[in-house]
Amino acid sequence: MKVGFCYNLKKPADESTPADLYAEWDDEETIGAVHSALARKHEVIPIEGDEDAFENFRKYRPDIVFNMAEGMHGTSRESQIPAMLEMLRIPYTGSDPLTLAVCLDKAAAKVALSYYRVPTAPFVVVLDPRVKTRFPPFPLIVKPLREGSSRGIQNRSLVRNARQLKEEIHRVLTQYRQPALVEKFLPGREFTVALLGNGNAVEVLPIVEIRFEELPDHINPIYSYEAKWIWDTVEKPLEIFTCPAKISASLKKKIQSVCRAAYTALGVRDWCRIDVRLDEAGEPHILELNPLPGILPNPDANSCFPKAARTAGMSYDELVNRVLDTACRRVGLKP
Ligand SMILES: Nc1ncnc2c1ncn2[C@@H]1O[C@H](COP(=O)(O)OP(=O)(O)O)[C@@H](O)[C@H]1O
Ligand SMILES: [Mg+2]
């Protein structure tokens, strides 16, 4: 098959760009690894997910596109490549523009989850700090409404009083130029769950637990930007993940079931990584869905989807091809 491969390559950051500007984009190592995995079985046409993408799709007309482009501009940036492909009637891996846009907007995703009674923490969205708002009780977590890869979530994002809350809302509104999502802080254990497939054939891979005891002392138990990208490095990886998570059979069942419900509620296709946290009573709640999950190839880079796949006995190349084959089956293409 002629497989298009669409991505955004990280640009070198200079002093004028915020350190986390390209946190969502992929580096050469990841793009190379996905390319070579696809090339084991297919002819691969790499296409950068930029302004020229539409013309390139039109010129090369791949049979299907493996999409991992995150986009840069606009509130629906992750939907732009899938929207182009729909216009051209070229099938692609992963979720459609609507699901990608809704999952990128964490509040929109939580509204959909709440409608389907999938547990998620109470929240409010702040667009203007001057408007009087009733917040859930402290402690709270303040995050940018539409980011990923822990962009904007720092140790200080967990707030315990009105002064800290005000500061963090101000930081999100000014630094990230978007509304602030203020959410009840869920104090329990945290997990991230990789799912693959469609319809009745959705498979939940082994659950990953994020263990905050591994973080430096006096640090809040959240998977912040510092934890993801600064304290945990390839040179000195933190032993922050356990996979499979050491949990009881009943908790495992509950987590799998809320994740499947969230996957269905948001209309996710092919694959997704879902973040889950327990409340004070030990009940799992959905934090967010990542329908374009990160897949760093180096096991020391602590990337959770490939880690869960490895635990399930699936190599990196097998994982990439499984996603492609799942999409092919969904659209009726012979993989
Ligand atoms: N309501 C919450 N309660 C407890 N921790 C939270 C909550 N929301 C976010 N966090 C912490 O912040 C981290 C990043 O938040 P998340 O919503 O997953 O954003 P991102 O898209 O950046 O991954 C989570 O992995 C978790 O550790
Ligand atoms: Mg997350």
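I worked on a predicted model, where local features need pLDDT of at least 70, side-chain atom pairs count only at pLDDT 80 or more, and totals for chains, interfaces and linings use all residues. Residues are numbered from 1 along each chain as its sequence is written, and side-chain values use heavy atoms, with hydrogens and water left out.

**Count.** I took a salt bridge as a side-chain nitrogen of Lys or Arg within 4 Å of a carboxyl oxygen of Asp or Glu. I got 23 salt bridges by this rule.

**D105 and R146.** I looked up this pair and found a salt bridge, with the closest N and O atoms 3.5 Å apart. D105 sits in the loop between α4 (97–104) and α5 (106–115), and R146 in the loop between β5 (140–144) and β6 (158–159), so the pair ties together parts 41 residues apart in sequence. Helices (H or I, at least four residues) and strands (E, at least two) are DSSP runs, numbered from the N terminus. I found D105 and R146 both buried. Buried means under 20% relative accessible area, exposed over 50%, partly exposed in between (1.4 Å probe, protein chains only).

**E168 and R156.** I noted a salt bridge here, 2.7 Å from N to O. E168 belongs to helix α6 (residues 162–175) and R156 to the loop between β5 and β6, so the link joins parts 12 residues apart in sequence. E168 is buried at 2% relative accessible area. R156 is partly exposed at 44%.

**E190 and R277.** I found their side chains in a salt bridge, 2.9 Å from N to O. E190 lies in strand β8 (residues 190–196) and R277 in strand β12 (residues 271–278), so parts 87 residues apart in sequence are tied together. Both residues are buried.

**Network.** I also traced R77, E147 and R151, which salt bridges with shared partners join into one network.

Definitions and conventions:
Chains are lettered from A and ligands numbered from 1 in the order in which they are written.
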